[in-house]
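Biologist: Please put the model up, and then I will ask about its surface and its backbone.

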Amino acid sequence: MLIKHIHGGDVKKTLSCTSKRWVCDFSANINPLGMPKSVELALKKHISSLVNYPEIGSKELCREIAKYHNIKPKNIIVGNGSGELIYLFARAFKPKSAIIPVPTFSEYEMALKTQNTKMFFLKLSQKDEFKLSIDKISPSPSFTKRGNPLKFQNTKKTDVFFICNPNNPTGVLTEKEVLLKLVSMNKFLFIDEVFMDFVDKQEKFTMLDVAIRQKNIFILKSLTKLFALPGLRIGYGVAHPEIIERLKCMQEPWNVNTLAQISGIYALKDKTYIKNSILQNKVAREHLYNELTKINGLTPYYPYANFIFIELISKNANSKDIALKMLRLGLPIRDCSSFRSLGSKFIRIAVKSRQENNRLVKTLKNVV
C-alpha cells in the first residue's frame with residue numbers, strides 16, 4: 001500500500017487554518033526574492049504563444065541549461081518538475097532493488113513502489129548528525145527493510161543507490177569522496193542535487209562533471225527552488241547521453257508547457273538575479289541559524305542550503321503540536337515526523353528575508 005504524500009507549501013491548507021492576513025510559508029524552501037523580473041516580463045511578452053503546442057523535448061531550454069553548466073545538450077533531459085523525472089527514472093530502469101539512506105525525500109520510495117522495487121533503507125544515525133560516510137557503505141552498514149536488519153552482502157547487487165545532496169530534510173552534505181567511492185563500487189547512483197544551487201563552493205560537492213562521463217550516475221536538478229517557480233514545474237536531469245536517451249524514449253511528448261520552457265530560458269540568463277539570490281540566502285541563513293541557536297529548547301543543524309533542520313530538545317515538545325501552532329499564527333513550518341525514521345522531535349524551516357526570519361524567530365521562541 002502506498003503511503004500518503006506529505007509535502008510543504010500547501011497554500012489552501014494554510015489559508016484555511018489561519019486567520020492571519022500576513023501569511024509567510026516557511027514549509028516550502030523557495031527563494032524569498034520571488035521569480036526574476038526578467039521571467040515575469042517574458043511571461044507577459046510570450047502569453048500569445050499558448051495558441052501553439054510547446055516544443056517537444058524542450059530543446060531550446062536544454063541548450064540554455066547546457067550553457068549554464070558548460071556541458072552539452074545531449075547530457076540533459078527536461079521534465080515537468082523534478083518529481084516527474086523521479087518517476088520516469090523508476091519506470092525506465094525498473095530497478096529490482098534500491099538502497100535509500102533515510103531520512104530523506106519520500107518521492108524516491110513512492111516512485112520505486114510503483115515498479116515493485118525491493119527497497120533497503122539505510123538508517124543514518126543522529127549521533128553522526130545524519131551524515132553518510134565511507135564507513136556507512138563499507139564493509140557492513142546496518143540496512144533495514146520493513147524494520148528488519150540486513151547484512152550488506154545481501155545488497156551487493158543492488159541496482160540503484162538514491163542520495164539527496166544536500167539532503168532533504170536534514171540539509172546534510174555528502175562528501176564527493178563518498179559518492180566517488182560508490183561509483184567505484186559499480187553502484188548506479190541517483191543523486192538529487194535540487195538544493196545544490198545554494199551550496200557554497202558547490203563545485204566541491206556536485207557530481208555533474210562525473211555524471212556526463214559515467215554510465216551509472218543520474219543527477220536530478222530543478223529550477224523551482226532558486227528561481228521561485230514551483231507553480232510552473234521545471235526540472236531537469238544530467239547524465240551520460242545513453243542514460244538520457246533511455247529516459248527520453250519513455251517520456252511523454254509535450255510534457256513541459258510553453259510558459260515553463262520560456263521561464264527557464266530567461267531565468268538561466270539572469271546572472272544578476274542568480275548572484276544576488278545565492279549571496280542573500282547565504283547571509284540570511286547564517287543570521288537565522290545564529291538566532292535559532294539562542295532559543296532554549298531548540299538545536300538547529302548547521303545549514304548548507306536554503307532551509308534549516310531543527311531538533312526539539314524540550315521533553316514535552318512535539319513537532320506536530322509546534323507545527324500546528326505556527327500554522328495558526330500564519331507561519332507554517334514543516335513537521336518532519338512524516339519522514340521515514342524520524343520521530344516527533346524534528347521540524348524544518350525555510351530561509352526567508354531578514355524581516356520574515358525575525359518574525360519567525362520571535363514567534364517560534366514564544367511557541368516553544
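## Backbone and surface

Modeller: Pro 103 sits in the loop that runs between β2 (97–102) and α5 (107–113). Please keep in mind that this is a predicted model.

Biologist: What is omega for the peptide bond from Val 102 to Pro 103?

Modeller: Most peptide bonds are trans. The bond from Val 102 to Pro 103 is cis. Its omega is near 10°.

Biologist: Which residue does a cis peptide bond join to Asn 165?

Modeller: The bond in question has an omega of about -5°. The residue asked for lies in the loop between β6 (160–164) and α7 (176–184). The partner of Asn 165 in this cis bond is Pro 166.

Biologist: Is Asn 70 buried or exposed?

Modeller: Asn 70 lies in the loop between α3 and β1 (76–79), and its phi is near 60°, a positive value in a residue other than glycine. Most residues other than glycine have a negative phi. Exposed means over 50% relative accessible area. Because the relative accessibility of Asn 70 is 71%, this residue counts as exposed.

Biologist: What is the phi of Lys 201?

Modeller: Lys 201 is in the loop between β7 (188–192) and α8 (208–211). With a relative accessible area of 54%, Lys 201 is exposed. Lys 201 is not a glycine, yet its phi is positive, at about 50°.

Biologist: What is the relative accessibility of Lys 67?

Modeller: Lys 67 has its place in helix α3 and is one of the residues that form the positive patch. Exposed means over 50%. Lys 67 therefore counts as exposed, with a relative accessibility of 63%.

Biologist: How exposed is Ile 56, and what class does that give?

Modeller: Ile 56 is found in the loop between α2 (37–45) and α3. The cut-offs are under 20% for buried and over 50% for exposed, with partly exposed in between. The relative accessible area of Ile 56 is 41%, so the class is partly exposed.

Biologist: What is the area of the nonpolar surface patch?

Modeller: Ile 56 makes this patch together with Tyr 53 and Trp 254. The area of the patch is about 380 Å².

Note on methods. Residues are numbered from 1 along each chain as its sequence is written. This is a predicted model: local features need pLDDT of at least 70, side-chain atom pairs count only at pLDDT 80 or more; totals for chains, interfaces and linings use all residues. Side-chain values use heavy atoms; hydrogens and water are left out. Patches are made of residues with over 30% relative accessible area and no salt bridge: like charges are joined within 9 Å, nonpolar side chains (Val, Leu, Ile, Met, Phe, Trp, Tyr) within 5 Å. Accessible areas come from the Shrake-Rupley method with a 1.4 Å probe; for residues, only the protein chains shown count as cover. A salt bridge is a side-chain nitrogen of Lys or Arg within 4 Å of a carboxyl oxygen of Asp or Glu. Lys and Arg count as positive and Asp and Glu as negative; His and the chain ends are not counted. The place of a charge is taken as NZ of Lys, CZ of Arg, CG of Asp or CD of Glu. Helices (H or I, at least four residues) and strands (E, at least two) are DSSP runs, numbered from the N terminus. Buried means under 20% relative accessible area, exposed over 50%, partly exposed in between (1.4 Å probe, protein chains only).
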